[in-house]
Amino acid sequence: MGEDVEALKRRLPLLEYLRQCNWKGSPVGRSEFVGLCPLHEETRPSFYVNTRKNVFYCHGCGQGGDLIRFVQLSRHLSFSQSLACLTPQNIPSDYSATVLRQAAALYQQQLDHYPEALSYLNRRGLDDPILIKELEIGYAPGGCLRRHLTAQGYSFDLLRQSGLLNVNGSDAFYQRIVFPLRHGEHVGNLYGRSIGAAFAHRFLPGSKGGLYAWEKVRHCPEVILVEGLFDYAALRQAGFRNVTCSLGTHLNGGQFRQLCNGPRTVYLTFDVDANQSGQLAANQLAHRLGAHGITARRILLPEGQDPNSFFVQGGDARQFQSLVEAAQP
Ligand SMILES: [Zn+2]
């Protein structure tokens, strides 16, 4: 039992638990954070967390102790009840969501400092600063994330578990344009597009989640579905608002159910590549959607193109709109 408690506290450091409860602490010194006390009302911060000892102490109400003690006090639970609510199945995946949000914020700050990242966006035709900001597009140069997040008190183990760091401790995303994959406030994953020679597409471990920005289009009677985030961005920049993205041609169960959850027409526009794999996937998906009572139409792009290259090579919104209107069942 005693050993289990120690293992639990290592797995879930107090600071991470507090952050999950939306506690905001500022660093003071090497391994201390201070913020408003969650256990009593106060207007000046007197609640200290020591990340080295993994304990807290409040100079206002005099309470202190470890993670279990904090859960007991804040939720009015016994010791064993507190332990029970800290078992892995009861801990939401939001711990890693918090750290993903922080990583995405850092990447977003980096973008403007790396001309190679901006010129990559430019080559992909993406130059609207408002859209870049709205989509929270960032850049992972590699080599800066670990220092930044450990300085904020995130443990090395959590960073590795989240996939942000490789097993050897280096940043997982290196020279990649980064899009956070959000579901409301929750960042579920990050997509990284290499701007160098590395494997082009990368996600962190775990699910890619639902359709991209689905909450913006779920009430639209007509939805354009693309396979890549640069396709999504190109269409949005061209003024199309009813766009969503499946992050690949294979939809997971959740994404498929989203498309089927109401009457709508789905316009599929996957890459037209030489080996026809995009078109094959689009045909199969159209078929499956049809079997679920959803009207599917395939937008036929010129040979060798995807929605992103269509606009990069000079296509405009009016031309794309006529392809939408000519879409075939
Ligand atoms: Zn207090």
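Residues are numbered from 1 along each chain as its sequence is written, and side-chain values use heavy atoms, with hydrogens and water left out. Because the model is predicted, local features need pLDDT of at least 70 and side-chain atom pairs count only at pLDDT 80 or more, while totals for chains, interfaces and linings use all residues.

Cys37 sits in the loop between β2 (32-35) and β3 (47-50), and Cys61 in the loop between β4 (55-58) and β5 (64-65), so the pair ties together parts that are 24 residues apart in sequence. Helices (H or I, at least four residues) and strands (E, at least two) are DSSP runs, numbered from the N terminus.

The table gives relative accessible areas, where buried means under 20%, exposed over 50%, and partly exposed in between (1.4 Å probe, protein chains only).

| Residue | Relative accessible area | Class |
|---|---|---|
| Cys37 | 7% | buried |
| Cys61 | 31% | partly exposed |
| Lys9 | 13% | buried |

Lys9 belongs to helix α1 (residues 2-11). Leaving aside neighbours within four places in sequence, Lys9 is in contact (heavy atoms within 4.5 Å) with Asn54, Asp66, Leu67 and Ile68.

**The cores and helix α11**

A nonpolar core is a set of buried Ala, Val, Leu, Ile, Met, Phe, Trp, Tyr and Cys residues joined through side-chain atoms within 4.5 Å. The largest one has 38 residues, and those with the most contacts inside it are Ile177, Phe179, Tyr212, Ile224 and Phe320. The largest share of this core, six residues, comes from α11. Apart from this core lies another, of 22 residues, among them Val5, Leu14, Cys37 and Val71.

Eight of the nine residues of α11 are buried, so this helix is largely enclosed by the rest of the structure. The buried residues include Asp231 and Arg236. Just after α11, Gly239 takes a positive phi of about 105 degrees.
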